Amino acid sequence: MEEPVPASPASLPVPPVLLETRPEDGTMPGADARYTKTLGDLAGLYRDTAAFEAALAADSGAPVYWVESSTPEQGEGALTVGLSVMEPGTIGEEFYLTRGHLHRNAGRAEVYYGLSGHGVILMDSLQGESHALEIGPGQAVHIPGHWVHRSVNVGTTRLATLFAYAADAGQDYELIARAGGMRQLVVRDGDGWRTRPNPDHTGYRHD
Ligand SMILES: [Fe+2]
């Protein structure tokens, strides 16, 4: 009997990548991409526009959050793995947050693993459900497909998370803006946080 010959790929697989997470200085050696967001990039994200304008007037232009990521290959099954870092702060009663999105390929899932700091992953379904799950060192939030999601830094130090999602997930950043924001706000509550309904939210719709 001849041994069955395993199917061989048409070309060599891409080399593996070593990624080092350095939450203390907010970098991930081994990454192949980086983007940063300053306060000026985040106009329209916060309800308290007067507080936002005041913060912007006093702003140094330093990044509020940034992402370093690794996407060594494309195609079905490929992963993007990255480090997300967000400074602590508030605009009015709201904590600093990421713009948030629904994956364009909406069924694509994502995982966040807490490295440092204290955050909340805010998630909305298009059908009307909302969840706010805490994330800190050693905790992972596993986001199944079809959830609108964003991160919020509810702590007093940088929030650093490691994330992974399908490289072909894509991001629809306009959905939340068209809906007047996500369904819940994450606001200060003494030394902690709570959610409260966002009165500006008008429901999610695909235009
Ligand atoms: Fe995502």
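## A sheet, its edges and one buried valine

Let's start at Val120, which lies in strand 7 (residues 119–125); strands here are DSSP runs of type E with at least two residues, and helices are runs of H or I with at least four, each numbered from the N terminus. Residues are numbered from 1 along each chain as its sequence is written. The model is predicted, so local features need pLDDT of at least 70 and side-chain atom pairs count only at pLDDT 80 or more, while totals for chains, interfaces and linings use all residues.

Is Val120 buried or exposed? Val120 counts as buried because it has 25 C-beta neighbours inside 10 Å. The cut-offs are 20 or more other C-beta atoms within 10 Å for buried, 12 or fewer for exposed, and partly exposed in between, with C-beta atoms placed from the backbone. Leaving aside neighbours within four places in sequence, the contacts of Val120 include Ala132, Ile135, Val186 and Trp193; a contact means that the C-beta atoms, placed from the backbone, lie within 7 Å. Val154 is 34 residues away from Val120 along the chain, yet their C-alpha atoms are separated by 6.8 Å.

An open sheet is formed by 6 strands in the order 1-2-3-11-6-9, with antiparallel pairing; two strands pair if DSSP finds at least two bridges between them. Strand 1 (33–38) and strand 9 (140–143) each have a single partner strand and stand at the edges, so one side of each lacks a neighbour in the sheet. From one strand to the next, the twist averages 20 degrees, using lines fitted to C-alpha atoms as axes and angles from 0 to 180 degrees between N-to-C directions.

| Strand pair | Bridges |
|---|---|
| Strand 2 (residues 63–70) and strand 3 | 6 bridges |
| Strand 3 and strand 11 (residues 159–166) | 8 bridges |
| Strand 6 (residues 110–116) and strand 9 | 4 bridges |

Strand 3 (residues 79–86) has 7 of its 8 residues buried, so the rest of the structure largely encloses it. Within strand 3, Val81 stands opposite Ser70, and Leu83 faces Leu162 of strand 11 as its opposite residue.

Terms used
Two residues are in contact if their C-beta atoms, placed from the backbone, lie within 7 Å.
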